[in-house]
There are 2 protein chains.
Amino acid sequence: MRIEIICTGDEVLTGKIVNTNFGYMSQKLEDVGLSVQWETTVGDDRESLLLAFQLAGARADAVIVNGGLGPTVDDLSQEIAAQAAGVELVLHEEWLRRMEEFFHRRSRVMPPNNRKQAMLPATAELLDNPVGTACGFALDIGKARFFFTPGVPRELRRMLEEQIIPRLLARSGEQTAIFLKRFHSYGLGESHVDSLLTGVEELVPDGSVKLGFRAHYPQLETKLAARGVDMDDIRRKLEPVEREVRKRLGNFILGEDEQTLEGVVLGALAGRHGSLCLVETFTSGQIAARLAHLPSAAGIFRRGVVAPTLDEVWGTVGLPKDASAGAFTVEIAEAVAEAARRQAGATHALAVLVDLDEGADRIDLGGTICLAIATADKVASRRSRIVGGREWVRLGAVELGLDCLRRFLQDLPVYERIDFERA
Amino acid sequence: MRIEIICTGDEVLTGKIVNTNFGYMSQKLEDVGLSVQWETTVGDDRESLLLAFQLAGARADAVIVNGGLGPTVDDLSQEIAAQAAGVELVLHEEWLRRMEEFFHRRSRVMPPNNRKQAMLPATAELLDNPVGTACGFALDIGKARFFFTPGVPRELRRMLEEQIIPRLLARSGEQTAIFLKRFHSYGLGESHVDSLLTGVEELVPDGSVKLGFRAHYPQLETKLAARGVDMDDIRRKLEPVEREVRKRLGNFILGEDEQTLEGVVLGALAGRHGSLCLVETFTSGQIAARLAHLPSAAGIFRRGVVAPTLDEVWGTVGLPKDASAGAFTVEIAEAVAEAARRQAGATHALAVLVDLDEGADRIDLGGTICLAIATADKVASRRSRIVGGREWVRLGAVELGLDCLRRFLQDLPVYERIDFERA
């Protein structure tokens, strides 16, 4: 099945807003085994919209159009859809009623121009929007089924998942259930993981499990898209593959599905009634910013301190100034973590100290990271060198710190060589 | 002049990587008074590429193609460009020599497959790439001039600015100089600024100054795109408009052109040999993360502390626990800032305390912000309420804190009502 996407709107076309909807839609379709072949962006312009609809309608089997369903005069999707399909716009009484209710529940009167949002092409099938006033709709233009969606991301996302993907799967003839299993890892690059996982798809000989990746440095997402007649069938097929992925990626897997690194760390601390304090240098608050604001950090996150130099770090955690002696070692990181833990009265402390190379930012600028984790009776530490410019080192140090804390809390070795570090 | 952009590559089409190049190109063209009318994204697929080139060549005057110039087999731009133009691929000896030098300077031998990057359509005009091995090129397909550019953002950016925009301006018949003047503000919404600036374009009666905006919450960028015969002419035209914009937006302007809020704050502190410490609660390190890692923060940023509750804040800055008494007031913020400043031995302290509403995240969840700035002999404070969900409150509190510090350092009133706060 050939699928195209058309994004509309002057703000997207002029680059005034970044088009995140397209990538989201394309990924969601990939996740269920469908592929987008062509994407077009046009502005709020009658001639361009009509041409885009006609061209896609002549090429594709299914087209998703995003945007242009709002109440203002520059929202043209319904009007041009009707023109391209050769039908009239008619008032959809049911949707008008829904909109009036929508405003009523918010103690507001519906402005007259919202009525426009209930004007749909005569042949349109309504696609429900439970979270906004722009209803979606589907109709045929040329040889393709068109699905019109709102530009507001949360409205689009819900409509895509609940209304459009099931219809696309039905049209594609795949009357099967689909499930996406995800593993999140830190420390291994995409090509390394790809080679580690060679052959795992073949554990299910009928080809119904497909391996994919999504790299967002420093983390990597490994995806298993599985098809089956129902969820039981899918679970049965996935089980040996999941087991093999867990075995091969081992300690590098930091979470699965909706889990996040910060969520796993906070969960492990909560499980032992623990509390956490942080010491940062060059990461400058980014480690704290990853978890301290989360609802699940309440009662666990105790204190974070940021200081630019080792000297300032001593002062901040209450160590004598001469403890430094200019050295930059894991022993120093351990002393800082232990002092910070005592000072904050936390069960756990993470100290991430970075010695950044001198000079202007450049691709081969690196940083040496000494980090330590301390509890009342145990301390673990690790040294690492990351090269790739200031921002690369900073992101890497944040992730390395949080992931070592995760390993410590899960009784895994804090030191295991990662692909992003230099010898 | 009708301009189209074609983005190529499976990773962009499948949403595996977010296409930031398109928005960048479109904005850069808007900034010089050129507009993109149509954008197409296709994968690394011969048939799609050829059709996309033919369609755009039949519609447009100029087309920018991004991506597909790499050394691997899935990089097809040169091959399909030659096919669409009806010419052969020929070896560009000069570029081959440049590539060999490129590798030689890095003490590496050029891999054989890089030779492919010097194979250009026979009619192509070379577009220099001083920072990579993918040269750009221009040629005619249909009625349009095509410009082929590399997918690596920093290579694209340089080629667009140095090679392509001058050629587009020459083709558009606008043989004039172009300059973009930018103002950055915080606290006023786009429509508010738009109405405040009504009529400023008319201060230059020939229409050569055009007003535009780019909102990226919490900041707003106000842009004046000016044309003239040369830069002297442009400066003369812009001068009264700039003066008027500064007058009307007043204290809300936090910087101009390349200036950033954090850079202005650090610059003002450096100018008075000052130093800074920070106290944060719900912003959880994000204020520190905005400035502490910058090269210009060296010697100025002294210390940042993050604590989740007022009780933890007291302990961290060395105040007695009973100072709280459960109250959440600007007086408390002032006491915290003064204590933190003394403790860190800094000339300036900024304390940003947030009292977040109870309950699950939702669009009408708000936070009350009490912030204070202290020096040895002066203290200023401000209370504000921001509504819009956890992340919205967090971003707003970070920006409000930094902007109030900017105002304090510039001897401007720390309190001035902003559009984002509730009464």
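**Close-up views of a two-chain model**

**Figure 1. Domain 2 of chain A meets domain 3 of chain A.** Ten residues of domain 2 of chain A are in contact with 14 residues of domain 3 of chain A (two residues are in contact if their C-beta atoms, placed from the backbone, lie within 7 Å). On the side of domain 2 of chain A that touches domain 3 of chain A, five residues are nonpolar, five are polar and none is charged (nonpolar: Ala, Val, Leu, Ile, Met, Phe, Trp, Tyr, Cys and Pro; charged: Asp, Glu, Lys and Arg; polar: the others, Gly among them). The model is predicted: local features need pLDDT of at least 70 and side-chain atom pairs count only at pLDDT 80 or more, whereas totals for chains, interfaces and linings use all residues. Residues are numbered from 1 along each chain as its sequence is written, and chains are lettered from A and ligands numbered from 1 in the order in which they are written. The assignment divides chain A into domain 1 (3–171), domain 2 (177–256) and domain 3 (261–422), with bounds taken from an automatic or database domain assignment. The centres of domain 2 and domain 3 of chain A, taken over C-alpha atoms, are 30 Å apart.

**Figure 2. Chain A is shown as a whole.** The C-alpha trace of chain A spans about 80 × 55 × 45 Å along its principal axes. Chain A contains 13 helices and 18 strands (DSSP runs, numbered from the N terminus: helices are H or I of at least four residues, strands E of at least two). Of the 423 residues in chain A, 46% are buried (buried: 20 or more other C-beta atoms within 10 Å of the residue's own; exposed: 12 or fewer; partly exposed: in between; C-beta atoms are placed from the backbone). Among contacts in chain A between residues at least 6 apart in sequence, those that join residues at least 24 apart make up 67%.

Figure 3. Of the contact residues of chain A, 98% recur in chain B, and the same surface serves both copies. Chain A gives 42 residues to the contact and chain B gives 41 residues. On the chain A side, the elements with two or more residues are helix 2 (20–31), strand 2 (36–42), helix 10 (286–291), strand 14 (301–306) and helix 11 (310–317). The side of chain A that touches chain B has 18 nonpolar, 16 polar and eight charged residues.

**Figure 4. Strand 2 of chain A pairs with strand 2 of chain B.** Five bridges join these strands in the antiparallel sense (strands pair if DSSP finds at least two bridges between them). Val42(A) has Trp38(B) as its bridge partner in strand 2 of chain B. Ser48(B), in helix 3 (residues 46–59) of chain B, contacts residues of both chains: apart from neighbours within four places in sequence, these are Gln37(A), Trp38(A), Val42(B) and Gly43(B). Ser48(B) is buried, with 20 other C-beta atoms within 10 Å.

**Figure 5. Strand 1 of chain B is enclosed.** All six of the six residues of strand 1 (residues 3–8) of chain B are buried, so this strand is largely enclosed by the rest of the structure. Ile3(B), Ile5(B) and Cys7(B) lie on one side, and Glu4(B), Ile6(B) and Thr8(B) on the other. Strand 1 of chain B runs parallel to strand 2 (residues 36–42) of chain B, with six bridges, and Ile3(B) stands opposite Val36(B) in strand 2. Five bridges link strand 1 of chain B to strand 3 (residues 62–66) of chain B, also in parallel; here Cys7(B) is partnered by Asn66(B).

Figure 6. Twelve strands form an open sheet of mixed pairing, in the order 18(A)-17(A)-16(A)-15(A)-13(A)-14(A)-14(B)-13(B)-15(B)-16(B)-17(B)-18(B). Strand 18 (421–422) of chain A and strand 18 (421–422) of chain B stand at the edges, each with a single partner strand, so one side of each lacks a neighbour in the sheet. Strand 13 (residues 276–280) and strand 14 (residues 301–306) of chain B pair in the parallel sense over five bridges, among them that of Val279(B) with Val305(B).

**Figure 7. The nonpolar cores are shown.** The largest nonpolar core has 137 residues, and Val336(A), Ala351(A), Val336(B) and Ala351(B) have the most contacts inside it (a core is a set of buried Ala, Val, Leu, Ile, Met, Phe, Trp, Tyr and Cys residues joined through C-beta atoms within 7 Å). Apart from neighbours within four places in sequence, Ala351(B) contacts Val279(B), Ala333(B), Val336(B), Ala337(B), Ala340(B), Leu371(B) and Ala372(B). A second, separate core of 98 residues includes Val32(A), Val63(A), Ile164(A) and Leu168(B).
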